[in-house]
Amino acid sequence: MKTTETRPEHTAVTRKLAYAAAGWISGLFSYLVLGYYSIFLITIAGALASAIFFRKKYFNFIITVLMSAAVGCCYFSVYHAMRYEKITAFDGKTVQIDGYVADREYSEGSLRLTVKGRINGGVRTKVTFFTDDASFDYCDRVTAKIKVKTPENTVKFNGEDYARSQGVFLQGDGTADSVTKVGGCTNRFLREENRLRDLPEGQIRKNCGDRPGAFLTAVLCADRSHTSVTDNAAVYRSG
């Protein structure tokens, strides 16, 4: 019987990839905690490690981790400066967003749209807001005028963290001033896919009632968009 042996070079490559991944994650985390100071700290740490551990056993390991951390930190800093800060600069302002309906859901008796497009013809992003018009469907091309704000974490629910995980950095401050449909469907396949996703969730809420159904869809489908603030917090704490 032949046995499969792991080649030493394969093991070395796998180990280096693990080191690089650990460094990348460390770089992202350090930037979140320390901001731009993390870049200087990683640079100093790399210089000291090169001087102390040069040609020693763990030199390659340390350099791989620090270089990956530096790359991860620089990547996140560039993303923060070029994307996040430009988007959140519209906090508290009335803007116009032109794009398409990426998501739609009913929450607390109103239709909440997530529109993906350009703000004032410039930066691309996603914005969520409420509207009184329930006629909008997935992938409809729309233009909306609305006052926006950045999501915030509260005692009951970590709204900012949840919104960031969805790629949303701005939300409507109240109901949209105006939402107009300016074109047809941008992607029929994506529209039907979203409709198919909504089908089992709708059946659950229809047969179980609004509040129990919303709780079940949050647990089974990982969709907390239909739950109330109180139930949302309960689902969040229960994992």
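1. First, a term: a nonpolar core here is a set of buried Ala, Val, Leu, Ile, Met, Phe, Trp, Tyr and Cys residues joined through side-chain atoms within 4.5 Å, where buried means under 20% relative accessible area, exposed over 50% and partly exposed in between (1.4 Å probe, protein chains only). This is a predicted model, with local features needing pLDDT of at least 70, side-chain atom pairs counted only at pLDDT 80 or more, and totals for chains, interfaces and linings using all residues. Residues are numbered from 1 along each chain as its sequence is written, and side-chain values use heavy atoms, with hydrogens and water left out.

2. The overall layout: the chain has 7 helices and 6 strands, in the order α-α-α-β-β-β-β-α-β-β-α-α-α from the N terminus. Helices (H or I, at least four residues) and strands (E, at least two) are DSSP runs, numbered from the N terminus. Of the 239 residues, 34% are buried.

3. Now the core. The largest one has 22 residues, and Leu113, Phe129 and Val179 touch the most other members. Two or more residues come from each of helix 3 (59-88), strand 1 (94-107), strand 2, strand 3 and strand 4 (140-149). Leaving aside residues up to four places away in sequence, Val179 touches Leu113, Phe129, Thr131, Phe136, Val142, Thr143 and Ala144 (contact means heavy atoms within 4.5 Å).

4. Helix 3 is worth a look along its axis. Its 30 residues reach 41 Å from first C-alpha to last, close to the 44 Å expected at 1.5 Å a residue; the expected span is 1.5 Å times one less than the number of residues. Even so, helix 3 has a kink of about 40 degrees centred on His80, the bend being the angle between axes fitted to the seven residues ending at a residue and the seven starting there.

5. Helix 5 (residues 188-208) has a kink too, of about 25 degrees at Leu199, shortly before Pro200. Its 21 residues reach 30 Å, close to the 30 Å expected. Arg191, Asn194, Glu201 and Ile204 are buried in this helix. At its start, a side-chain oxygen of Asn187 comes to within 3.2 Å of the backbone nitrogen of Phe189, and just after its end Gly209 takes a positive phi of about 100 degrees.

6. Last, a loop residue: Gly121 sits between strand 2 (110-119) and strand 3 (124-131). Gly121 counts as exposed because its relative accessibility is 54%. Gly99 lies 22 residues from Gly121 in sequence and 9.9 Å away in space, C-alpha to C-alpha.

Note on methods. A polar contact is a pair of N or O atoms within 3.5 Å; within protein, one must be able to donate a hydrogen and the other to accept it, and residues adjacent in sequence count only if both atoms are side-chain atoms.
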